[in-house]
Amino acid sequence: MKRAGVYAAAAVLAVLVLAALAPELFTAQDPLAVDSGGTLRPPSAGHPLGTDENGRDVLARIVHGTRTSLLLGFGAVAVALVFGGLLGLAAGLGNRLVEGVVMRLSDVGMAFPELLLALVVITVAGGGTSNAVLAIGVAGIPNYARLVRAQTLAIRRSGYVEAAHALGLSAPRVILRHVLPNAVKPVLVLATVGVGTALVAGSALSFLGLGTPPPEPEWGSMLSTARNFISRAWWYGVFPGAAITLTVISVTVVGRALRLRSEGRAW
Amino acid sequence: MLTRSTTLLVAALLAATLTACGTNAAPTTTGGGTGPKSGGTLVLGENADEPACLDPHQLSTTNTTVVGRPIFDSLLRQDADGTLKPWLASAWQVSADGLTYTFTLREGVRFHDGSAWDAEALKLNLEHMRAPATKSPLAAAYIAPYEDAKVVDERTLEVRLASPYSAFLNVLAQSYLAMISPKQLKEDPASTCEHPVGSGPFVFDAWAKGQGITYRRNPDYAWGPTRTGPAHLERLEIRFLAEDATRYNALLAGEVDVIDNTPPASVEDVKANPALAFTSLDRPGHPFSVWLNTGRAPFSDVKVRQALTRAVDRKAIIDSVSFGRWTVATGFLTPSTPDHADAGGLAHDPAEAARLLDEAGWREKGADGIRVKDGERLTATALDTGVNPQNTQILVQTQAAAAKAGIEIKIENVPAQVSSERTAKGDFDVSVGIWTTNTADVLWIQYASGNITTSERRGQNTTRLDDDKLDDLLERARASTDAAGRAAIYGEAQARLLGLAPAIPLYDRPSLVSSSTKVHGLTWDHAYGAVTFQDAWVS
């Protein structure tokens with residue numbers, strides 16, 4: 001029974017990835033086609049999920065918005081993972097000075113709420129999708145740096161690393177073959193949860209008008225605009241909101257299953 | 001002699017032009033047979049366009065009138081029909097050459113700090129408006145021709161202008177040029193920002209930035225524009241509620257008694273709700289418009305500007321954005337502005353747009369339908385702060401209409417500060433805005449080449465329009481001392497602007513005010529089109 005949920009979540013993710021890669025498969029409508037005469041129309045045969053305040057097809061905008069929204073979620077986590085991982089590794093393996101600098105910087109970073117940090121980056125770098133990815137990613141770096149460092153420290157003192165050293169393996173080899181693979185598991189767990197949070201953060205930035213610029217569709221900005229029309233057009237807010245919720249739940253469910261499996265437990 | 005009779009003539013003309021301007025009735029909801037009730041608190045929900053300072057002379061914010069009128073009175077007041085009536089000035093005379101204005105001041109007026117209203121006080125106010133330290137964005141520009149003033153006696157001030165300025169009396173009726181306590185201006189003018197002292201029906205109480213302002217009744221008030229005697233309300237509170245939906249819901253929930261800037265989407269619901277009343281007033285000035293930067297390509301070419309104007313179906317856009325609440329602009333002045341001339345010539349005509357673009361050399365089209373000339377795409381950048389959902393909607397729909405004609409508009413989301421800086425520098429192609437004022441002189445402010453921002457001076461000619469003929473017309477209208485002649489010159493200027501197409505006039509933005517039926521006696525400041533509370537009461 002539990003597995004059925006996991007399969008369903010995986011199926012949702014597969015559909016989302018497909019929608020991100022080939023949105024034309026799901027809708028024939030142009031997400032940018034404005035129709036000033038047909039704004040805020042309820043769901044109908046022509047517009048299965050209704051139209052928005054500019055007469056654009058809501059379904060087409062959700063489908064075409066998948067790519068940007070997923071990019072925000074996965075892209076931001078990738079940025080945080082890569083840079084946080086490298087910094088954490090450096091702190092875990094480097095000398096006191098390196099460790100001190102990295103950890104104090106991450107302390108500073110963690111002192112700010114992630115969204116606030118992202119806003120700072122956006123203010124400096126400017127709005128737009130790629131900057132939003134960067135901003136949310138940068139805001140997530142301290143978390144990953146801390147986790148990877150803690151893992152590295154633990155592994156560094158473990159028996160098998162000492163054994164590898166004793167066998168005379170070179171330092172880079174020890175890091176790549178022994179430290180990194182063992183440090184990565186808990187990080188991946190954090191990342192699956194992170195995708196959901198980053199997606200919501202990306203939506204929040206667009207919601208604040210700092211993410212994807214109009215007229216490109218993005219779930220967060222759709223939701224943001226829709227709240228002004230909520231009393232007249234429920235469909236406009238409900239469907240993009242459902243898309244965000246469904247995606248975050250699916251990623252979390254699949255991520256949890258993967259973690260349990262990696263720990264050799266039943267999922 | 002051109003004295004009060006001039007004023008009366010102007011008034012008559014204004015009345016003639018204004019009779020056609022629709023909803024002029026005060027938003028009074030007279031309920032039952034009971035008279036006004038004294039006491040109580042009225043809470044107004046306003047949008048988030050909160051002034052950074054409460055010194056009216058330092059402001060250009062749209063909400064200045066709503067926020068400042070309770071505290072401050074003006075020299076003159078403007079009637080519903082456009083007539084200028086005495087207020088803190090009981091009478092005035094204009095010299096034949098239009099250079100000297102003699103004001104006779106009302107007796108018995110006292111400011112909230114007890115200081116007296118006299119010729120010296122008026123002079124101090126005029127000097128404060130133009131003092132460099134005030135950094136006035138609006139009042140200083142509005143009284144730019146002011147040269148100096150002579151105190152004739154306690155009740156009489158003679159004001160001299162450097163050049164005739166036909167809009168002088170009109171702008172004096174606006175809240176941006178309201179009268180501040182002379183004591184405050186003499187002793188600590190900087191304190192006006194945080195603790196404004198005026199002579200109005202309400203005394204400033206407290207200001208919680210980002211939240212709201214509270215006021216209490218001025219018990220000595222006896223010089224109101226419509227009624228003598230203090231305000232009925234014991235307290236007045238203005239709350240800044242950024243979200244359209246939040247503001248509307250606050251009214252529904254009874255958290256606030258009145259809301260300004262009613263979301264157009266909710267107007268129908270307000271009207272259908274028996275517990276609520278709705279009223280609106282057209283604002284004078286320049287209609288809400290899409291400004292085009294004429295200082296750089298592609299909109300430096302008048303044909304491209306004319307083409308975009310014709311490519312946009314203004315009525316369809318305005319109807320969809322406002323749910324039919326706004327009227328489509330007919331020209332570069334709203335009908336409730338003195339000297340407005342209905343010129344027509346803003347029809348939706350995609351074929352003509354295409355022809356104009358062909359003529360301008362943008363003949364080829366790329367794969368995406370965007371026109372190309374000499375390998376360059378016909379592309380423009382629009383700035384949007386995203387603060388106002390209707391503005392974004394207008395930009396998106398304009399963008400779609402432009403794309404159909406082969407003009408690409410990229411919308412950039414920028415913070416308000418960046419938008420303001422880039423607009424001043426001319427680093428943009430498209431922006432949106434409105435300019436509310438009670439004179440046609442707004443055309444001089446917005447389109448005279450002398451008002452293009454330079455490194456020395458920040459001007460308000462956003463579109464950077466530079467046209468000798470128009471400059472000449474606007475200067476002449478400004479200097480005109482003859483009302484009929486002035487109207488004719490402004491008519492010419494408006495026609496010329498339609499040809500120059502520095503902006504696409506979209507709609508005449510009305511003030512949309514909704515209130516609980518418990519609220520009575522709301523009035524308008526007709527010089528700006530803003531709701532006022534000196535006669536309001538809550539049952």
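Predicted model: local features only at pLDDT ≥ 70, side-chain atom pairs only at ≥ 80, totals over all residues.
Some ground rules come first. Local features need pLDDT of at least 70 and side-chain atom pairs count only at pLDDT 80 or more, while totals for chains, interfaces and linings use all residues; side-chain values use heavy atoms, with hydrogens and water left out. Residues are numbered from 1 along each chain as its sequence is written, and chains are lettered from A, with ligands numbered from 1, in the order in which they are written.

Start with chain A. Its secondary structure comes to 9 helices and 0 strands. Helices here are DSSP runs of H or I with at least four residues, strands are runs of E with at least two, and both are numbered from the N terminus. Along the sequence, chain A reads α-α-α-α-α-α-α-α-α. Its C-alpha trace spans about 75 × 45 × 25 Å along the principal axes.

Now look at where chain A touches chain B. Contact means heavy atoms within 4.5 Å. By that rule, 17 residues of chain A are in contact with 19 residues of chain B. How much area is buried between chain A and chain B? The value is about 1700 Å², and carbon and sulfur atoms give 53% of it. Buried area is the accessible area (1.4 Å probe) that two parts lose on being put together, summed over both. In chain A, the residues that lose the most area to chain B are A:P214, A:N228 and A:R232. Together they make up 32% of what that side buries.

Charges meet here too. The interface of chain A and chain B has 1 salt bridge, meaning a side-chain nitrogen of Lys or Arg within 4 Å of a carboxyl oxygen of Asp or Glu. The side chains of A:R227 and B:E243 form a salt bridge, at 2.6 Å from N to O. Between chain A and chain B there are also 6 residue pairs in polar contact, both residues at pLDDT 80 or more. A polar contact is a pair of N or O atoms within 3.5 Å; within protein, one must be able to donate a hydrogen and the other to accept it, and residues adjacent in sequence count only if both atoms are side-chain atoms.

Move on to chain B. Its domain assignment gives domain 1 (9–53 + 200–282 + 511–539), domain 2 (72–193) and domain 3 (285–508). Such bounds come from an automatic or database domain assignment. The C-alpha centres of domain 2 and domain 3 of chain B lie 33 Å apart. In contact across this boundary are 17 residues of domain 2 of chain B and 15 residues of domain 3 of chain B. The two domains bury about 1100 Å² between them, with 49% of it on carbon and sulfur atoms. On the side of domain 2 of chain B, B:Y142, B:P164 and B:S166 supply 38% of the buried area, more than any other three residues. The salt-bridge rule finds 0 salt bridges between domain 2 and domain 3 of chain B. Polar contacts join 9 residue pairs there, both residues at pLDDT 80 or more.

Next come the sheets of chain B. Two strands pair if DSSP finds at least two bridges between them. One open sheet has 7 strands in the order β8-β9-β10-β1-β11-β22-β12, with mixed pairing. β8 (202–208) and β12 (276–282) of chain B stand at the edges with a single partner strand each, so one side of each has no neighbour in the sheet. Strand β1 (residues 41–46) runs parallel to strand β11 (residues 258–259) of chain B, joined by 2 bridges. In this sheet B:G45 stands opposite B:I259 in β11(B).

Another open sheet has 3 strands, β15-β16-β17 of chain B, in antiparallel pairing. Here β16 (residues 371–373) and β17(B) are joined by 2 bridges. B:K373 stands opposite B:E376 in β17(B). The loop between β16 and β17 of chain B holds B:D374. Phi of B:D374 is near 50°, a positive value in a residue other than glycine.

A cis peptide bond joins B:A297 and B:P298, with omega about 5°. B:P298 sits in the loop between β13 (285–292) and α9 (302–311) of chain B. Elsewhere, B:E127 forms a salt bridge with B:R130, the closest N and O atoms being 3.5 Å apart. B:E127 and B:R130 are 3 residues apart in helix α3 (residues 119–130) of chain B, so about one helical turn separates them.
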